[in-house]
Protein chains: 2
Amino acid sequence: MYTLYSMQRSGNSYKVRLALARLGIPYRLVEVDILKGESRTPEFLAKNPNGQVPLLEVAPGRHIAESNAILWYVAIGSRLAPEDRIERAEALQWMFFEQHSLEPNIGAAYFWLCLIKGGRELQQHALEDWMENGYRALGVMEMHLARHDFFVDGHFTVADIALYAYAHVAEQCDFDLSGYPAVRSWLKRIESEPGYVDMDWQPQEFAAAAQ
Amino acid sequence: MYTLYSMQRSGNSYKVRLALARLGIPYRLVEVDILKGESRTPEFLAKNPNGQVPLLEVAPGRHIAESNAILWYVAIGSRLAPEDRIERAEALQWMFFEQHSLEPNIGAAYFWLCLIKGGRELQQHALEDWMENGYRALGVMEMHLARHDFFVDGHFTVADIALYAYAHVAEQCDFDLSGYPAVRSWLKRIESEPGYVDMDWQPQEFAAAAQ
């Protein structure tokens, strides 16, 4: 059974919980509070030298880091992971876009505005850049979603999971999505997918439901 | 034949040129000068709404963006792309690390210090963060390379190409690699790989050599 090192309110960790729930894969969950330095202990750094969650133990002593790499690992062979060569590249494209253009902006705003007390004052100098670049990323998503129901291959894939994680908390951290109707429809579409779980959901519920 | 939209001095574009040279795949090269706004024209945005290079036309009217997604697309089926499920996830892990932790720091420093006249003065406020976070990323790479010759699977893969692109220009933009001996050895190892081409190389030379 997989062991997932995760923080409940981390969007990157949530991606993996959402994928595992959708796939019906049971796992052992270890909560790691990065705000308390729990990802910077010698024990954790031995598992992931980059000191971040999520981290998935896939075999004894073998760990995969980086949320989007974990998504591919767990989804391969399922309908969540496109098989076609071009569609696979398109999914990867959107997932690299997410880590480069969406997460560093909306993820940073979410972290400092929603998770850190007094974060808004501490990061006032950076917030303007995060908002500008975050809106730019949302604009790229809006253009695509105005013509497509999902990011790749006409159905729900790992690319949607990756992009959903931070897009769905944007309104909690000052982003106004009223000018992004296609993004808003897509968020609702994801939430009506079978197996959808929200960010507060914990896998004990899954284990109980599966019994 | 592929068409690659690329900027000669872009590290992200260089990744794709290096992979295609290694694989011996001919292609048509279109130089796009992002400094002159050439990636923001309506024609280019129709191909890539995110307005960035590299961009690879893989079939008429079908374009793949994001350097690391392109690397997977062109390398699949070759020895550059790990086949094993865990090794593939490890390669993806390092490539997402590159886009999230290395490129936004060393890539940003390289762009503003080496490509933009007066960039140092313009970005003085951000430079300290880029240096700190760039050294942090190099430290994670150093830890891995102290025990491994390459990032994944004991040989040269797409993960090495992704990380090499900006690591090899670090010294041009103020990073001191004297404390990173394993990174320095690895840079030399990459440069002695068969098919290696440097950032200045242009594919006309490849086409001529192939005749």
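Residues are numbered from 1 along each chain as its sequence is written, and chains are lettered from A and ligands numbered from 1 in the order in which they are written. In this predicted model, local features need pLDDT of at least 70, side-chain atom pairs count only at pLDDT 80 or more, and totals for chains, interfaces and linings use all residues.

Chain A is assigned two domains. Domain 1 covers 2-78 + 198-210, and domain 2 covers 85-191; such bounds come from an automatic or database domain assignment. Taken over C-alpha atoms, the centres of domain 1 and domain 2 of chain A are 20 Å apart. Twelve residues of domain 1 of chain A are in contact with twelve residues of domain 2 of chain A (contact: C-beta atoms, placed from the backbone, within 7 Å). On the domain 1 side, the elements that give two or more residues are helix H1 (11-23) and H3 of chain A. Helices (H or I, at least four residues) and strands (E, at least two) are DSSP runs, numbered from the N terminus. H1(A) gives the most to this side, with six residues. By class, the side of domain 1 of chain A that touches domain 2 of chain A has seven nonpolar, three polar and two charged residues. Here Ala, Val, Leu, Ile, Met, Phe, Trp, Tyr, Cys and Pro count as nonpolar, Asp, Glu, Lys and Arg as charged, and the others, Gly among them, as polar.

The sheet was examined in chain B. Four strands form an open, mixed sheet in the order S2-S1-S3-S4 (pairing: at least two DSSP bridges between two strands). Strand S2 (27-31) and strand S4 (62-65) of chain B are the edge strands, each pairing on one side only. Neighbouring strands are turned by 25 degrees against each other on average, direction ignored. Strand S1 (residues 2-6) of chain B pairs with S2(B) in the parallel sense, over five bridges. Within this pair, B:Leu4 has B:Leu29 of S2(B) as its bridge partner. Helix H1 (residues 11-23) of chain B packs on the sheet and touches S1, S2 and strand S3 (55-59) of chain B. The direction of H1(B) makes about 145 degrees with that of S1(B). Axes are lines fitted to C-alpha atoms, for helices over the stretch in contact, and angles run from 0 to 180 degrees between N-to-C directions.

In chain A, H4(A) and helix H7 (residues 158-167) pack at an angle of about 10 degrees, with their axes 8 Å apart. H4(A) is therefore roughly parallel to H7(A) (angles under 35 degrees count as roughly parallel, over 145 as roughly antiparallel, 65 to 115 as roughly perpendicular and the rest as oblique). Residues of H4(A) in this contact include A:Trp94, A:Leu102 and A:Tyr110, and those of H7(A) include A:Val158, A:Leu163 and A:Tyr166. The contact of H4(A) with H7(A) has twelve nonpolar, one polar and two charged residues.

Between the chains, 27 residues of chain A are in contact with 27 residues of chain B. Among the elements giving two or more residues to the chain A side are strand S3 (55-59), helix H4 (85-115) and helix H6 (124-145). H4(A) gives the most, with eleven residues. This side has 17 nonpolar, six polar and four charged residues.

Chain A can be laid on chain B with an RMSD of 0.0 Å by a turn of 180 degrees and a shift of 0.0 Å along the axis. Superposition is by least squares on the C-alpha atoms of residues with pLDDT of at least 70 in both copies. The two copies are thus related as by a two-fold rotation axis. A:His100 comes closest to the rotation axis of the residues of chain A, at 2.9 Å (C-alpha). The same surface serves both copies, as 100% of the contact residues of chain A recur in chain B.

Definitions and conventions
Two residues are in contact if their C-beta atoms, placed from the backbone, lie within 7 Å.
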